[in-house]
2 protein chains.
Amino acid sequence: MGGVSTADRAERVPKQDRSRATRQRLLEAAVACLAEHGWAGSTVLVVAERAGVSRGAAQHHFPTREDLFTAAVEYVAEERSGALRALFPDGAAAGDRRAVVAALVDLYTGPLFRAALHLWVAASNEEQLRARVTELEARVGRESHRIAVELLGADESRPGVRESVQGLLDMARGLGLATLLTDDGPRRRRVVDQWARLLDDALGQAPDEG
Amino acid sequence: MGGVSTADRAERVPKQDRSRATRQRLLEAAVACLAEHGWAGSTVLVVAERAGVSRGAAQHHFPTREDLFTAAVEYVAEERSGALRALFPDGAAAGDRRAVVAALVDLYTGPLFRAALHLWVAASNEEQLRARVTELEARVGRESHRIAVELLGADESRPGVRESVQGLLDMARGLGLATLLTDDGPRRRRVVDQWARLLDDALGQAPDEG
């Protein structure tokens with residue numbers, strides 16, 4: 001965007017706000033579209049219509065279909081990570097690790113996970129999408145891991161702790177997949193209870209509990 | 001096919017063999033096609049061509065696209081379950097549980113898992129496919145659980161054991177998803193090592209120690 005003088009800045013703020021709001025509407029519409037119609041049914045035009053934005057404006061924000069949908073999945077993933085951190089502002093004491101595990105598992109349900117899954121599976125067969133989604137997933141995955149370690153109060157310098165947390169997130173993803181077709185809630189809760197117990201043994205005391 | 005007399009039967013066997021071989025070629029081609037091109041690119045005609053079978057013959061065996069692809073995923077899942085049982089003909093002693101866990105995790109990699117995932121994700125947005133795939137996944141899931149319990153020597157009358165095994169299979173599915181875009185082998189092995197250890201503790205635990 002280049003340098004903006006102080007005088008310009010004051011005038012531009014409302015325009016930037018509008019632009020940001022348009023971008024956000026597009027991103028939210030893109031995730032909903034991907035979740036409902038899959039990759040094959042998701043184009044920039046369909047999303048622009050859904051968001052009530054002109055095709056030109058949509059293409060100004062997102063020149064390609066890949067740009068739009070990877071940005072959308074990343075945006076919603078960040079929103080959800082933020083919401084998760086806000087749920088446990090002080091991290092977890094060992095006592096509420098079960099609640100943290102349940103909240104982590106919930107990250108892999110709903111429209112975001114469905115949208116991400118569509119993008120992921122499409123990327124496995126489309127060269128153009130593959131590199132983008134691989135990079136996106138690595139980034140989102142690292143962030144999920146960071147949040148999990150933080151909220152669980154996991155000390156990764158202890159042997160096995162890092163892998164225990166990774167396995168937990170893999171399980172959460174697998175549970176999300178199971179939830180895709182059927183309401184798997186009651187089974188999911190029982191598995192979460194048990195794995196939270198196993199994890200608790202593996203992690204030991206939270207570091208700040210002395 | 002109705003009743004077949006003894007005299008007829010002798011003559012028909014080779015024809016039945018040919019028919020079975022054709023069916024099998026179609027099923028294998030269908031899984032490969034689904035894995036490579038996804039649901040959108042997978043039709044009965046494409047599979048018939050790949051299998052070197054006429055369209056009419058393919059439609060004789062599988063009247064609809066849904067019939068062909070659900071049968072294909074089920075067929076290959078059964079093949080792989082059989083192969084897994086054959087690897088551990090006597091089930092697992094506690095000592096080789098890690099090998100069993102690794103083999104279970106491997107079920108959720110490669111072309112079968114990729115094909116199943118495409119079918120699964122497509123089913124989440126297509127009513128016609130959804131009921132079929134939900135039913136198929138329930139059946140395949142129960143069978144995987146049965147094999148896991150058997151090979152791990154897990155006593156499901158002990159509290160938590162059933163859920164531990166379920167969580168393991170969910171984790172295996174999540175690990176398979178991670179492997180879809182990148183070769184996740186080294187990380188996967190470390191996670192498997194650690195969770196095999198945690199699971200071993202969980203399965204060996206006496207009920208009154210819980």
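1. Tyr108(A) is buried, its relative accessible area being 11%. Buried here stands for under 20% relative accessible area, exposed for over 50% and partly exposed for what lies in between (1.4 Å probe, protein chains only). Phe113(A) is also buried, at 6%. The model is predicted: local features need pLDDT of at least 70 and side-chain atom pairs pLDDT 80 or more, while totals for chains, interfaces and linings use all residues. Residues are numbered from 1 along each chain as its sequence is written, chains are lettered from A in the order in which they are written, and side-chain values use heavy atoms, without hydrogens and water.

2. Over all chains, five aromatic pairs are found (rings of Phe, Tyr and the six-membered ring of Trp, centres within 6.5 Å; planes under 30 degrees apart are stacked, over 60 edge-to-face, the rest tilted). One of them joins Tyr108(A) and Phe113(A): with ring centres 6.0 Å apart and planes at 70°, the pair is edge-to-face.

3. Another pair is formed by Trp195(A) and Trp195(B), whose centres are 3.8 Å apart and whose planes meet at 15°, so this one is stacked. The pair crosses between chains, linking helix α9 (residues 185–203) of chain A to helix α9 (residues 185–204) of chain B. Helices are DSSP runs of H or I with at least four residues, strands are runs of E with at least two, and both are numbered from the N terminus. Both Trp195(A) and Trp195(B) are buried.

4. The same surface serves both copies, as 100% of the contact residues of chain B recur in chain A (contact: heavy atoms within 4.5 Å).

5. Ala178(B) lies in helix α8 (residues 161–179) of chain B and is buried, at 11% relative accessible area. Beyond its neighbours within four places in sequence, Ala178(B) is in contact with Trp120(A), Asp170(A) and Arg173(A), and with Asp184(B) and Arg187(B).
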